[in-house]
Amino acid sequence: MKVSKRYAESAKLIDKTKEYNVKEALEIIEKMPKTKFDETVELHVKLGVDSKHADQQVRGTVVLPNGTGKTQRVLVFAKGPKAEEAEKAGADFVGAEELIPKIQNDNWFDYDVIVATPDMMGVVGRLGKVLGPKGLMPNPKSGTVTMDVTKAISEIKSGKVEYRLDKTNIIHLGFGKVSFGTDKLLENYETIINAIIKAKPAAAKGQYIKSVAITTTMGPGIFIDQK
């Protein structure tokens with residue numbers, strides 16, 4: 001596979017035989033040649049659990065102290081006073097049944113997170129086949145099925161992220177932008193890693209965190225020493 005000149009220059013900064021401490025890894029990212037856009041810094045954590053078992057799922061949310069660097073667009077499914085509350089709280093879109101055909105037939109996905117009041121889940125459930133694969137389905141565990149729509153919107157807008165296992169038992173998520181600099185990214189990283197450690201299922205046996213790597217959107221991975 002042919003790699004770009006920028007990728008090759010970035011890769012030269014990394015010793016592939018070494019695991020770095022997080023601060024060192026983030027300092028390397030700061031030294032990498034820049035792209036034309038502000039790259040996201042991504043975290044990839046492989047866990048020693050089996051996501052096929054319900055009692056070994058790892059999923060939750062955490063508010064990053066320095067945000068994600070991305071403006072999250074929020075769609076709220078609510079009616080009456082709760083719809084008005086959502087609008088006042090800064091939701092980008094608010095609606096009910098009338099949104100179903102727009103999402104199903106028009107492929108409307110101009111939002112990043114969906115929040116729903118519990119009474120609207122019967123309506124939202126009809127969109128399960130469309131929203132599920134995109135990871136957009138509201139869920140009580142992630143705080144997106146709630147009567148407190150103001151709190152949900154506020155947290156999402158201020159940098160709340162969800163972490164969850166994929167089928168290969170890896171958690172992937174962005175935790176800031178390259179422009180944040182080492183210190184802010186380090187704060188965000190520690191917040192997420194601590195949340196993942198606390199979320200260790202009782203049924204998990206053996207080594208819980210198998211490996212941790214950080215990358216930029218277009219850059220090579222750097223493995224982190226978790227000891």
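## Salt bridges and a helix crossing

Arg59 and Glu162 form a salt bridge, with their closest N and O atoms 2.6 Å apart. Because Arg59 belongs to strand S2 (residues 59–63) and Glu162 to strand S6 (residues 160–164), this pair ties together parts that are 103 residues apart in sequence. Please keep in mind that this is a predicted model.

How exposed are the two partners? Arg59 counts as partly exposed because its relative accessibility is 25%, and Glu162, at 28%, is also classed as partly exposed.

**Other charged pairs**

Searching the whole structure turns up 11 salt bridges. Another of these joins Lys79 to Glu97, where the closest N and O atoms are 3.1 Å apart. This pair links distant parts of the chain, 18 residues apart: Lys79 sits in the loop between strand S3 (74–77) and helix H3 (80–88), while Glu97 sits in the loop between strand S4 (93–95) and helix H4 (99–106). Lys79 is partly exposed at 41% relative accessibility, and Glu97 is partly exposed at 33%.

The side chains of Glu9 and Lys12 also meet in a salt bridge, at 3.3 Å from N to O. Here Glu9 is partly exposed, with 35% relative accessibility, whereas Lys12 reaches 65% and so counts as exposed. Elsewhere, Lys70, Arg73 and Asp112 are joined in a network of salt bridges.

Here are three of the pairs side by side:

| Salt bridge | N to O distance |
|---|---|
| Arg59 – Glu162 | 2.6 Å |
| Lys79 – Glu97 | 3.1 Å |
| Glu9 – Lys12 | 3.3 Å |

**Where two helices cross**

Now for the helices. Two packed helices are described by the angle between their axes and by the distance between those axes. For helix H2 (residues 22–31) and helix H8 (residues 182–198), the axes come within 10 Å and cross at roughly 135°. That angle makes H2 oblique to H8, because only angles over 145 degrees would count as roughly antiparallel. The crossing of H2 and H8 is right-handed.

Which residues make the contact? From H2 come Val22, Lys23, Leu26, Glu27 and Glu30, and from H8 come Thr182, Asp183, Leu185, Leu186 and Tyr189.

Definitions and conventions:
Residues are numbered from 1 along each chain as its sequence is written. This is a predicted model: local features need pLDDT of at least 70, side-chain atom pairs count only at pLDDT 80 or more; totals for chains, interfaces and linings use all residues. Side-chain values use heavy atoms; hydrogens and water are left out. Axes are lines fitted to C-alpha atoms, for helices over the stretch in contact, and angles run from 0 to 180 degrees between N-to-C directions. Helices (H or I, at least four residues) and strands (E, at least two) are DSSP runs, numbered from the N terminus. Angles under 35 degrees count as roughly parallel, over 145 as roughly antiparallel, 65 to 115 as roughly perpendicular and the rest as oblique. A crossing is left-handed if the near helix is turned anticlockwise from the far one by less than a right angle, and right-handed if clockwise. Contact means heavy atoms within 4.5 Å. A salt bridge is a side-chain nitrogen of Lys or Arg within 4 Å of a carboxyl oxygen of Asp or Glu. Buried means under 20% relative accessible area, exposed over 50%, partly exposed in between (1.4 Å probe, protein chains only).
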